[in-house]
Amino acid sequence: MSDYNKSKCHICGETETFKVANKNYYLDGLKVQIKQEYLICSRCGFLFTADPPSKKFLEKYYNTSFQERSGFADSSEKRHVRDQVHFLKSSMGVFSGPILEIGPNHGEFLDELRKIGTHKLYYSELNERAARILKARGYTDFDSMKSKRGSVSLIVLMHTLEHVVDPRHFIARLVSYLSENGHLYIEVPDFSRHDKNTDSLLFEHVNYFGKFSLHYLLFSCGLDIISIESDTDALYTACPRRIVRIIAQKSNTIPNTSQKRIDAIRKTISRENLFFEKLDDFLFKVKRGERIGIYTAGLLARESLRKTRLGSKTVVGIFDRDKSKWGKKVGGVNIMSPEEIKKFNIKYLLVLNEGYENQIRKDLGKSKFPKATFYSDIMKL
């Protein structure tokens with residue numbers, strides 16, 4: 001694009017950016033070596049490639065990529081997709097209208113959506129082999145639509161936005177495709193902070209979003225955030241490290257990028273730290289030796305063990321219904337079946353899960369488990 005500035009932040013427009021690293025890549029399919037320079041924005045923390053490949057080059061790269069396109073997903077991907085759909089359903093409830101997924105690979109997410117409704121399902125896929133698989137499965141190519149503006153009620157971007165050279169222009173175009181009050185659902189690697197659970201720098205990824213930069217991008221494009229979830233899934237081979245899921249709704253108001261809006265976004269992000277402070281206050285009142293159990297082995301459990309005094313208390317186990325996690329450890333604590341709760345004299349059962357609280361309340365209500373303390377209970381302290 002004519003206004004593309006390789007050193008200017010493509011999210012908030014900040015001109016003060018800092019060089020982070022240089023990295024060399026050899027692309028087997030194209031038999032070329034590429035050098036990438038990475039910059040980070042001093043204002044919103046957006047990490048991006050300074051001089052990314054052209055759209056034409058990327059399209060050629062994806063069509064020569066050695067990524068498997070068999071049309072079959074393994075068990076870890078199927079489970080991850082079920083988590084994605086569960087978050088969508090719990091955030092939006094009943095939803096209807098045409099749905100478009102950008103970059104769906106072989107269509108596992110679309111397959112899961114097909115099970116829960118009669119939505120008209122569209123795809124947009126650059127890889128020709130993947131597009132053939134999608135067509136064979138009965139999905140409709142979005143490019144075949146004559147009129148696209150205002151035509152879809154939900155657009156899905158699963159690990160796609162990080163591949164887009166100019167995310168602001170791209171999201172603005174997608175917003176034009178949304179019907180009135182339509183929704184955008186995004187999952188990307190989470191670069192809010194950097195540790196062993198942060199994704200690596202990859203050639204395919206020209207952008208790296210944290211929660212703040214992602215919020216800023218969506219608000220500036222006329223979208224209001226309605227739900228957000230962080231997670232890690234070590235068994236999901238496509239992205240085994242930290243991810244963020246976010247659902248935004250098309251707004252009828254003019255996007256406001258004033259300082260008040262920026263402060264509001266920062267307040268939303270600081271909510272995570274507020275939870276850890278309140279959990280610490282709660283744990284301060286727990287007497288030495290009183291047994292604590294943790295329900296669900298997710299990111300919040302791991303972070304709570306690391307960032308609060310929970311790790312110094314008597315935590316007898318982490319209990320999760322996912323059988324694939326049993327026998328593993330989080331923060332040195334064993335993960336077990338919820339049925340094991342009965343074997344311990346647990347004083348406090350901490351449900352460290354924000355996204356599925358309503359469902360967990362129902363599940364625990366059917367069992368003779370100790371009275372549980374939930375995320376929302378902690379936040380009310």
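User: In which loop is the place of Thr 296?

Analyst: This is a predicted model, in which local features need pLDDT of at least 70 and side-chain atom pairs count only at pLDDT 80 or more, while totals for chains, interfaces and linings use all residues. Residues are numbered from 1 along each chain as its sequence is written, and side-chain values use heavy atoms, with hydrogens and water left out. Helices (H or I, at least four residues) and strands (E, at least two) are DSSP runs numbered from the N terminus, and Thr 296 has its place in the loop between strand S12 (291-295) and helix H9 (299-307).

User: What is the relative accessible area of Thr 296?

Analyst: The scale here calls a residue buried under 20% relative accessible area, exposed over 50% and partly exposed in between, with a 1.4 Å probe and protein chains only. Thr 296 also has a positive phi of about 80° although it is not a glycine. Most residues other than glycine have a negative phi. Thr 296 counts as buried, because its relative accessible area is 10%.

User: What value is phi of His 159 near?

Analyst: His 159 lies in the loop between strand S7 (152-158) and H5. It counts as buried, at 17% relative accessibility. His 159 is a residue other than glycine with a positive phi, near 55°.

User: Does Arg 137 count as buried or partly exposed, or what else?

Analyst: Arg 137 lies in the loop between helix H4 (128-136) and strand S6 (140-141). In space it is 8.3 Å from Gly 107, C-alpha to C-alpha, although the two are 30 residues apart in sequence. With a relative accessibility of 25%, Arg 137 counts as partly exposed.

User: Which residues does Ser 337 touch, not counting residues up to four places away in sequence?

Analyst: Ser 337 is placed in the loop between strand S15 (333-336) and strand S16 (348-351). It is buried, with a relative accessible area of 12%. Contact means heavy atoms within 4.5 Å, and, leaving aside residues up to four places away in sequence, Ser 337 touches Phe 319, Asp 320 and Trp 326.

User: How many residues apart in sequence are the parts that the pair of Phe 87 and Tyr 185 ties together?

Analyst: Rings of Phe, Tyr and Trp (its six-membered ring) pair if their centres lie within 6.5 Å, with planes under 30 degrees apart counted as stacked, over 60 as edge-to-face and the rest as tilted, and a search of the whole structure finds 15 aromatic pairs. Phe 87 and Tyr 185 form one that is tilted, at 5.9 Å centre to centre and 50° between the planes. Because Phe 87 lies in helix H2 (residues 75-92) and Tyr 185 in strand S8 (residues 178-189), the parts tied together are apart in sequence by 98 residues.

User: At roughly what angle do the axes of H2 and H3 cross?

Analyst: Axes are lines fitted to C-alpha atoms, for helices over the stretch in contact, and angles run from 0 to 180 degrees between N-to-C directions. Angles under 35 degrees count as roughly parallel, over 145 as roughly antiparallel, 65 to 115 as roughly perpendicular and the rest as oblique, and H2 and H3 are therefore oblique to each other. The axes of H2 and helix H3 (residues 108-116) come within 9 Å, and the crossing angle is roughly 55°.

User: Which residues in H6 do Pro 167, Arg 168 and Ile 171 in H5 meet?

Analyst: Helix H5 (residues 167-177) packs against helix H6 (residues 211-220) at an angle of about 45°, with axes 9 Å apart. In this contact Pro 167, Arg 168 and Ile 171 in H5 meet, in H6, Leu 217, Leu 218 and Ser 220.

User: How many residues of H6 are buried?

Analyst: Among the buried residues of H6 are Lys 211, His 215 and Tyr 216. After H6 comes Gly 222, with a positive phi near 85°. H6 is largely enclosed by the rest of the structure, because the count of its buried residues is ten of the ten.

User: What share of the residues in the chain is buried?

Analyst: The chain has eleven helices and 17 strands. Among its contacts with a separation of 6 or more, 66% are accounted for by residues 24 or more positions apart. Of the 381 residues in the chain, the buried share is 52%.
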